[in-house]
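Colleague: I have just opened this one and have not looked at it before. Can you walk me through it?

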Amino acid sequence: MFKRLTASLIAISMLFSLCIKVNAAELSLSAKSAILINAQTNEVIYEKNAYEKRGMASTTKIMTALLAIEKGDLQKAYVAKDEDVRIEGTSIGLKDGDQITLETLVCGMLLESGNDAANVTARVVGKSREKFVSLMNKKAKEIGMENTCFKNPSGLTEEGHFSTAYDMALLGSLAIKNKQFRDICSLSSLRVSYGNPEYQRTFKNHNKLLNSVDGAFGIKTGFTKASGRCLVSAAERNGVTLVAVTLFAPDDWNDHKKLFEYGFEKVKAFKTEFDVEIIKIDVVGSDNHQIGVKLKKQLTYTALNEETNPETVVFCESFLYAGVKKGERVGCVKVFSSDGRFLCESDLLSTENAPINFMEKEKRKSFLDRIKELININRLE
């Protein structure tokens with residue numbers, strides 16, 4: 001079973017970057033490049049020049065912030081250096097010698113788009129800006145961003161720093177699956193404290209969609225003269241989560257409103273039926289020789305169209321050792337489309353206890369434990 005599980009997980013990671021092109025009616029958008037995807041499956045709902053390489057401005061900070069959350073200690077305080085804060089563009093007002101936590105740096109990137117915050121983050125998480133940029137590009141390749149190259153952590157214009165709308169949608173879809181990232185990028189404002197000495201100030205989110213689009217909760221804005229207005233956003237309604245990206249879009253707010261209205265009209269939620277009662281797992285070392293299982297949650301996926309022949313794959317051990325508790329996770333079920341795309345999954349939970357029986361406990365005692373017991377019995381006699 002482990003071989004099957006490992007192979008399947010590898011296949012899933014490869015499928016993560018696969019999308020299905022949809023022949024959608026052309027929307028009137030200002031963006032030179034745009035895309036709308038289903039965040040659950042990465043199915044493409046709409047695209048316009050989505051695979052053309054372009055500058056992505058400060059939406060770059062999605063990757064910088066995500067790596068900081070994944071690899072850094074958010075509560076640890078760091079000292080800003082002169083090399084970090086001497087940078088053009090937007091900033092959170094850091095000065096040489098200021099103390100600030102990594103969590104506040106992440107908030108400063110996602111809400112205020114601070115280039116100084118991005119520089120400090122790169123230095124403290126990657127040990128140097130160059131090493132951090134290498135981490136960015138490594139992560140990009142891992143998640144299927146095949147037409148992306150990062151040259152800096154902030155998104156300032158630099159030769160060879162580019163991505164595509166499709167690649168940025170993959171990044172946005174991954175980032176919002178991280179709870180800490182999602183919680184931060186959805187904030188309208190935040191009171192923070194940093195400096196030397198520290199004092200309080202307020203970060204305000206530049207994302208206007210948070211207050212103008214139903215269900216919007218992120219993700220990141222961006223602008224440079226060379227790249228134009230760039231925006232990666234996300235919204236959720238009735239269990240459907242969509243990610244939209246526009247690059248070089250003079251009217252990006254309205255572009256995203258159009259994309260979301262189009263997408264939420266097209267994408268629906270579908271349930272997959274699965275008879276979980278057929279699954280019985282053998283238990284070794286218990287009077288309860290088999291346990292039943294139940295789904296932790298309903299198998300539900302979102303898509304443009306319902307799958308006519310989805311494949312349900314069960315991942316669990318062929319047997320378990322005694323000591324299983326009711327409600328314990330003992331496996332999972334994954335559902336795939338007929339062409340191999342991941343759709344949804346649910347953990348499998350034990351429906352009963354399978355305790356270790358007394359005789360089995362005796363058998364598991366070591367030789368040394370048994371000698372000690374004999375000595376104690378002799379002493380008592």
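Modeller: One term to begin with: two strands count as paired if DSSP finds at least two bridges between them. Also, keep in mind that this is a predicted model.

Colleague: Fine. Which residue in S9 is the bridge partner of Leu36?

Modeller: Leu36 has Ala244 as its bridge partner in S9. The strands involved are S1, residues 33-38, and S9, and they run antiparallel with 6 bridges between them.

Colleague: How many bridges join S8 to S9?

Modeller: S8, residues 228-237, is joined to S9 by 7 bridges, and this pair is antiparallel. Val232 has Val245 as its partner in S9. S8 and S9 make a hairpin with 2 residues between them, and Asn238 in the turn has a positive phi of about 50 degrees.

Colleague: Why is S9 largely enclosed by the rest of the structure?

Modeller: Because 8 of the 8 residues in S9, which spans residues 240-247, are buried. Both faces are covered, with Val240, Leu242, Ala244 and Thr246 on one side. Thr241, Val243, Val245 and Leu247 are on the other.

Colleague: Take Leu247, then. Why does it count as buried?

Modeller: Its relative accessibility is 0%, so Leu247 counts as buried; the cut-off for buried is under 20%.

Colleague: And what does Leu247 touch, leaving out residues up to four places away in sequence?

Modeller: Among them are Ala31, Lys32, Arg54, Met56, Thr164, Ala165 and Cys230. The C-alpha atom of Leu247 is also separated by 9.0 Å from that of Ala50, although the two residues are 197 apart along the chain.

Colleague: Ala165 is in a helix, I think. Which of the H7 residues are buried?

Modeller: The buried ones are Ala165, Tyr166, Asp167, Met168, Ala169, Leu170, Leu171, Gly172, Ser173, Leu174 and Ala175. That is 11 of the 11 residues in H7, so the helix is largely enclosed by the rest of the structure.

Colleague: Now the surface. Which residues form a nonpolar patch there?

Modeller: Val284, Phe319 and Tyr321 do, with about 300 Å² of accessible area together. Phe319 belongs to strand S15, residues 319-321. Phe319 counts as partly exposed because its relative accessibility is 37%.

Colleague: What is the bridge partner of Val284 in S15?

Modeller: Tyr321 is. S11 and S15 are parallel, with 3 bridges.

Colleague: What about S11 and S12? In which sense do they pair?

Modeller: Antiparallel, over 3 bridges, with S12 covering residues 290-295. Lys280 is opposite Gly292 in S12. The hairpin has 5 residues between the strands, and Gly285 takes a positive phi near 90 degrees.

Colleague: Zooming out, how many helices and strands are there?

Modeller: The protein chain has 11 helices and 17 strands. Of its 381 residues, 51% are buried. The chain exposes about 18900 Å², and carbon and sulfur atoms supply 50% of that.

Colleague: Last thing. What pLDDT does the chain average?

Modeller: The average is 91, and 87% of the residues score at least 70. Over residues 1-24 the pLDDT is below 50, though this stretch has 43 contacts in the model beyond near neighbours in sequence. Where pLDDT is low, predicted coordinates should not be read in detail.

Conventions: Residues numbered from 1 in each chain as written. Predicted model: local features only at pLDDT ≥ 70, side-chain atom pairs only at ≥ 80, totals over all residues. Heavy atoms only, no water. pLDDT = per-residue confidence, 0-100. Contact = heavy atoms within 4.5 Å. Buried < 20%, exposed > 50% of the residue type's maximum accessible area, 1.4 Å probe, protein only. Helix = DSSP H or I, 4+ residues; strand = E, 2+ residues; numbered from the N terminus. Patch = residues over 30% accessible without salt bridge, like charges linked within 9 Å, V, L, I, M, F, W, Y side chains within 5 Å. Areas by Shrake-Rupley, 256 points an atom, 1.4 Å probe, with all protein chains shown as cover. Salt bridge = Lys/Arg side-chain N within 4 Å of Asp/Glu carboxyl O.
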